[in-house]
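Reader: I am new to reading protein models, and I would like to go through one slowly. Could you show me the chain and then take its features in turn?

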Amino acid sequence: GPEYLPFVDDVRLTGQILRVFNCMKDSKWRTLREIEEITGDGQASISAQLRHLRKARFGGHEVNRRSRGDRAQGLFEYQLIVTEGV
């Protein structure tokens, strides 16, 4: 966004995507809240980092999403499938 300052934010964001990756690389299904509890990062940021992990420059990993429990409740969980060689 307009408040992004590379010299300040790059280190934080690099650490954030690494924390999310390290949390999810075991391919277990987790909700955003569960990932938040492990990484300490906010759920909106985690969601963005999961989207980034799909991009080629961040490994082109597979990120799966499914409903947990009653679909009407709107709770989703995520699974990371790490690309071979990473």
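Reader: Which pattern does the protein chain follow when it is read along the sequence?

Author: Helices (H or I, at least four residues) and strands (E, at least two) are DSSP runs, numbered from the N terminus. Read in this way, the protein chain follows the pattern α-β-α-α-β-β, with three helices and three strands. Please keep in mind that this is a predicted model, in which local features need pLDDT of at least 70 and side-chain atom pairs count only at pLDDT 80 or more, while totals for chains, interfaces and linings use all residues. Residues are numbered from 1 along each chain as its sequence is written, and side-chain values use heavy atoms, with hydrogens and water left out.

Reader: What percentage of the 86 residues of the protein chain count as buried?

Author: Buried means under 20% relative accessible area, exposed means over 50%, and partly exposed is in between (1.4 Å probe, protein chains only). By that rule, 29% of the 86 residues of the protein chain count as buried. One example is Leu 50, which lies in helix α3 and counts as buried because its relative accessible area is 2%. Leu 50 is 28 residues from Tyr 78 in sequence, and their C-alpha atoms are 8.6 Å apart in space.

Reader: Is Arg 30 buried or exposed, and what does its side chain reach?

Author: Arg 30, in strand β1 (residues 30-31), is buried, because its relative accessible area is 11%. Its side chain reaches the backbone oxygen of Cys 23 at 2.9 Å.

Reader: Where does Arg 68 lie?

Author: Arg 68 lies in the loop between β2 (62-67) and β3 (76-81), and it counts as partly exposed because its relative accessibility is 29%. From C-alpha to C-alpha, Arg 68 and Trp 29 are 9.6 Å apart in space, although 39 residues separate them in sequence.

Reader: Which residues form the positive surface patch?

Author: A patch is made of residues with over 30% relative accessible area and no salt bridge, and like charges are joined within 9 Å. A salt bridge is a side-chain nitrogen of Lys or Arg within 4 Å of a carboxyl oxygen of Asp or Glu. Here the positive patch is formed by Arg 51, Arg 54, Lys 55, Arg 57, Arg 65 and Arg 71. Among them, Arg 54 sits in helix α3 (residues 43-54) and is partly exposed, with a relative accessible area of 41%.

Reader: What is the phi of Ser 27?

Author: Most residues other than glycine have a negative phi. Ser 27, in the loop between α1 (6-24) and β1, has a positive phi near 65 degrees.

Key:
Patches are made of residues with over 30% relative accessible area and no salt bridge: like charges are joined within 9 Å, nonpolar side chains (Val, Leu, Ile, Met, Phe, Trp, Tyr) within 5 Å. Accessible areas come from the Shrake-Rupley method with a 1.4 Å probe; for residues, only the protein chains shown count as cover. Lys and Arg count as positive and Asp and Glu as negative; His and the chain ends are not counted. The place of a charge is taken as NZ of Lys, CZ of Arg, CG of Asp or CD of Glu. A polar contact is a pair of N or O atoms within 3.5 Å; within protein, one must be able to donate a hydrogen and the other to accept it, and residues adjacent in sequence count only if both atoms are side-chain atoms.
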